[in-house]
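Here are my notes for your first read of this model. Keep the structure open and find each residue as you go.

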Amino acid sequence: MRPHIITFADLNAEKQLTLDHLDQMTRVLARWDWPSIILCRKKTLPGTGYDDLYGNCIANETLPSLAFGMKSCSIKWKQKPQDTGIKGARSGPNAGAPHPIWLEAQRTGQRIVKLIGYDCSPADIRRSRNLPEADADFDYEYPLQILGLARKDCVDIITEVLGPDHVPVKSACFFCPATKLWELFWLAAHQPDLLERALFLERNALTGRHSRFDEFQFGGPWDELVRNADRFPSSNTTVGLGRSFAWNQWARVNGVVDDNFRVKRSEADRARFLIMADRLRGDGNARDTRSLP
């Protein structure tokens, strides 16, 4: 399957290794004589006050929608900008001409097929089964599932064909509620400034004007529990970026931050974070072989 279009949604919130991987794959695609990567980014109206998802959350004093079990953040900031990169837009801040492939498909009546990278893991199989095979504009196929590949298989194949340095870390916002614990330790070790920004976003939302936190239900204000309690009482209420737990509290309990919620940056702390990340990480994720800066 040789794609005619390769897109990447740029949310201005990726880890540096993901940006480095884009540069790597740009060179690989050039060697293969494949299309280059089209970076798609949502533009906001002038006067909005923010131009990315992080700024949106800060301005509205809220968490990304995924923290509440919804997916509007992904649709708004990832899916729609990539669709616009193909279909174009007639007006607004994202106005632009359609891709030639879209024009050709419209002229000939052909359907454009989107190749989605869901693999054969149980979670991804569930995701693909819950999606339609087509919509008004696109058909959908899942080549990794057609080939019977799980994430570990993908890591092995990339390692064999391109080398271990081409195995990417998971592409995701540094404040994504789907982040796993090993990724939090990894972020603390490699990009502590991003983790601190995520912790600030969480505090801003859970103590802000739109907070869903009910201190009577939990026995104390959110900020007090973050600083003093070992865990939040069991509840259906979202209590932080981890949904059932607050990243700020996790960082305090695990000795990732100091009393001012600044990520610890000593060599000993960074080494400890890497050990914990490696211990918790599964074999379907990239092994980072970089030396610490």
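1. Start with Gln 249. This is a predicted model. Leaving aside neighbours within four places in sequence, Gln 249 is in contact with Leu 225, Val 226, Ala 229, Asp 230, Arg 231 and Phe 232. Gln 249 itself sits in helix α12, residues 247–253. Its relative accessible area is 4%. The cut-off for buried is under 20%, so Gln 249 is buried.

2. Now look at helix α2, residues 53–60. Leu 53, Tyr 54, Gly 55, Asn 56 and Cys 57 are buried there. Their cover includes α3 and α9. After α2 comes Glu 61, which has a positive phi near 55°.

3. Stay with Glu 61. Its side chain meets that of Arg 209 in a salt bridge, 3.3 Å from N to O. Glu 61 is in the loop between α2 and α3, and Arg 209 is in the loop between α9 and α10, so the pair ties together parts that are 148 residues apart in sequence. Arg 209 is exposed, at 54% relative accessibility.

4. How many salt bridges does a search of the whole structure find? The count is 15. Glu 104 and Arg 107 form a salt bridge, at 2.9 Å from N to O. These two are three residues apart in helix α4, so about one helical turn separates them. Glu 104 is partly exposed at 34%, and Arg 107 is exposed at 62%.

5. Arg 272 and Asp 269 also form a salt bridge, with their closest N and O atoms 3.1 Å apart. They lie three residues apart in helix α13, so they too are separated by about one helical turn. Is Asp 269 buried or exposed? It counts as buried, at 16% relative accessibility. Arg 272 is partly exposed, at 30%. Elsewhere, salt bridges link Glu 196, Arg 262 and Arg 265 in a network.

6. Next, a helix pair. The axes of α8 (181–190) and α9 (192–206) come within 5 Å and cross at roughly 120°. That angle makes α8 oblique to α9. Leu 184, Leu 187, Ala 188, Ala 189 and His 190 in α8 meet Pro 192, Leu 194 and Leu 195 in α9.

7. Finish on the surface. Met 1, Val 113, Leu 115, Ile 146 and Leu 147 form a nonpolar patch there, with about 510 Å² of accessible area together. Ile 146 belongs to helix α6, residues 143–146. Ile 146 is exposed, with 56% relative accessibility.

Conventions: Residues are numbered from 1 along each chain as its sequence is written. This is a predicted model: local features need pLDDT of at least 70, side-chain atom pairs count only at pLDDT 80 or more; totals for chains, interfaces and linings use all residues. Side-chain values use heavy atoms; hydrogens and water are left out. Patches are made of residues with over 30% relative accessible area and no salt bridge: like charges are joined within 9 Å, nonpolar side chains (Val, Leu, Ile, Met, Phe, Trp, Tyr) within 5 Å. Accessible areas come from the Shrake-Rupley method with a 1.4 Å probe; for residues, only the protein chains shown count as cover. A salt bridge is a side-chain nitrogen of Lys or Arg within 4 Å of a carboxyl oxygen of Asp or Glu. Helices (H or I, at least four residues) and strands (E, at least two) are DSSP runs, numbered from the N terminus. Buried means under 20% relative accessible area, exposed over 50%, partly exposed in between (1.4 Å probe, protein chains only). Axes are lines fitted to C-alpha atoms, for helices over the stretch in contact, and angles run from 0 to 180 degrees between N-to-C directions. Angles under 35 degrees count as roughly parallel, over 145 as roughly antiparallel, 65 to 115 as roughly perpendicular and the rest as oblique. Contact means heavy atoms within 4.5 Å.
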